[in-house]
Amino acid sequence: MSDSSDITMNSEPLDRELLPTATPARTRTVVLGLLRPHRGLAIGGFAVMVGATAIGLLTQPLLGRIVDLVASRSTLDALTMPVVFLVIVAVVQGGATGLGLSLVARLGETALARLRERFVGRALRLPLEQVEKAGSGDLTARVTADVSQVAEAMRTALPELARSVLAIVLTMVALAVVDWRFLLAALLAVPFQAHTARWYVRKAVPLYARQRIAGGAQQQQLLESIGGAATVRAFRMEDEHVGRVTERSQRAVDLTMRGVWLVLRFYSRLHVAEYIGLAAVLIAGFLMVRGGLVSIGTATAAALYFHGLFGPVNTALVLIDEAQSAAASLARLVGVIDLPEPERRAAEATATPEEAVVVTGLGHAYELGRPVLHGIDLTIGRGERVALVGASGAGKTTLARVIAGVHVPAAGSVRLGAGERVAMITQDVHVFAGSLADDLRLARPDASDAELREALTRVDALTWAGTLPEGLDTIVGEGAHRLTATQVQQVALARLILTDPPIAVLDEATAEAGSAGARVLEKAIDRAIEGRTALIVAHRLSQAATTDRVVVMDNGRIVQIGHHTDLHSADGPYATLWKTWTGHRTTDDPGFPDSPDSPERHYP
């Protein structure tokens with residue numbers, strides 16, 4: 001891991017705290033670390049590319065030889081061997097170049113695969129509050145646009161850049177071999193090219209960094225506007241959100257156009273350098289031929305050598321454009337990879353054999369100075385079912401997420417019993433694109449079809465799963481067979497059974513289902529958590545009534561703990577919640593929450 005000096009933080013409007021971006025020095029260190037295990041492949045690819053380039057440089061002397069033969073009015077037979085050699089050079093160079101490029105591309109793809117693994121592995125472990133502060137658009141842009149940019153550079157820019165640099169170096173050597181004066185003439189273009197490259201890099205690096213940030217901000221706004229479309233329409237905020245999207249899109253377009261203008265100016269300066277260099281070589285050749293120092297063929301070879309530099313030099317300098325863009329993306333990926341693992345408090349301590357979870361002095365805040373939890377103390381025994389209830393904003397979900405390990409507590413500790421593992425199910429369950437069987441096997445890759453069916457049976461899902469067009473092999477998820485909200489939660493509960501954790505945390509797992517679906521899910525939850533320690537953030541108070549204990553929260557604190565019967569009969573916050581939720585109805589009333597005819601009810 002890098003220290004703080006290796007990472008610089010970005011900033012953007014709306015006070016978002018973007019994920020970090022690594023410094024160039026740290027980025028280079030990571031890249032070298034990715035390449036180091038593959039030294040043999042790198043050396044082999046480099047050696048083949050050197051050989052291919054060197055063979056290709058025989059073309060100009062052969063053409064010069066043909067010019068001398070024609071100038072001396074030699075017979076056609078004298079031209080046969082140079083032409084045959086030209087064909088041989090072309091074939092050998094083509095084969096060697098193809099092999100060299102494939103080796104370099106393989107090296108790049110191998111390093112890219114490892115980079116992706118490290119990035120995804122670290123991104124999946126980011127504290128949720130850090131992702132929320134940055135905005136999901138920032139992380140999404142890195143996962144999509146930045147990874148694609150680096151991948152494209154690895155596949156095309158890296159091999160071409162390697163070949164171009166070798167061609168430039170070896171061509172300069174060849175010019176010196178022909179005559180050192182031709183090399184001096186060619187070098188007149190170098191100061192102009194070097195100045196152009198420095199000028200471009202100085203302008204391009206910050207510009208591409210701003211483009212990446214603008215792209216992330218644009219994606220964030222699109223996600224917020226589209227994801228909250230129902231709310232936007234409800235409050236008649238369509239024009240405002242369209243304006244925000246337009247503003248951020250225009251910002252991205254403006255930066256892109258600045259990049260285009262920068263590239264055009266870059267090319268125009270390169271053309272001036274080429275003209276100066278070629279003119280110098282031609283003048284040197286004219287003077288040296290007239291003075292009898294070299295032949296016309298030699299001068300021709302020198303001019304062809306320099307003209308042959310146009311392609312490699314332009315390619316190398318143009319690839320600076322892709323390299324700078326890829327470097328900006330790579331730095332954003334490395335910035336995430338280098339983030340330190342969150343420090344888990346009291347990791348060395350465990351609960352007693354009778355205790356599954358022990359929460360001591362727990363405090364948490366999403367923003368500095370605005371605590372959400374205050375000094376929470378809670379002990380959950382092994383096999384106990386505990387319900388968390390309270391008004392919206394009481395801190396139930398935050399406490400559940402801290403216990404599940406999603407958030408790192410700002411103060412206090414969460415201790416688990418020895419060997420205990422926690423799995424969490426929320427109301428937002430993702431169904432991955434693929435077969436239903438593969439989706440279930442995310443929880444246990446080695447599960448047999450019989451075990452999958454058993455898990456579905458326990459959550460009352462096998463009936464509908466068996467009616468799918470291809471059974472467990474049916475493709476589900478986005479763009480395929482769509483599952484209802486109830487079915488999605490049943491899949492999540494089946495995964496819980498397959499994972500088989502000792503501790504289960506359920507955060508309003510029935511919230512997205514209707515009344516009928518909620519009754520199905522409540523029965524499924526009972527079966528899924530059977531034999532486990534369970535912490536349930538209760539969306540419906542009927543869930544709390546069936547648990548061993550009810551924990552009532554208010555304003556980030558625990559205000560009541562006890563069994564449903566005791567709390568219901570006593571004056572206090574829970575009794576008030578229950579009366580509000582049931583509307584003062586009795587169990588004989590059809591409107592009672594557990595009645596089949598009751599409407600869906602939510603407590604405040």
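The model is predicted, so local features need pLDDT of at least 70, side-chain atom pairs count only at pLDDT 80 or more, and totals for chains, interfaces and linings use all residues. Residues are numbered from 1 along each chain as its sequence is written, and side-chain values use heavy atoms, leaving out hydrogens and water.

Helices (H or I, at least four residues) and strands (E, at least two) are DSSP runs, numbered from the N terminus. Axes are lines fitted to C-alpha atoms, for helices over the stretch in contact, and angles run from 0 to 180 degrees between N-to-C directions.

Let's start with the helices. H3 and H4 pack at an angle of about 165 degrees, with their axes 10 Å apart. That makes H3 roughly antiparallel to H4 (angles over 145 degrees count as such). Their contact (heavy atoms within 4.5 Å) includes Leu-62 and Ile-66 of H3 and Leu-86 and Val-89 of H4.

Now for the sheet. Its 6 strands form an open sheet in the order S7-S10-S11-S5-S12-S13, with mixed pairing; two strands pair if DSSP finds at least two bridges between them. Neighbouring strands are turned by 20 degrees against each other on average, direction ignored. S5 and S12 pair in the parallel sense over 5 bridges, and Gly-390 has Met-553 in S12 as its bridge partner.

| S7 | residues 422–426 |

Finally, helix H20 (residues 573–582) lies across S5, S12 and S13, running at about 90 degrees to S12.

Conventions
Parallel < 35°, antiparallel > 145°, perpendicular 65-115°, else oblique.
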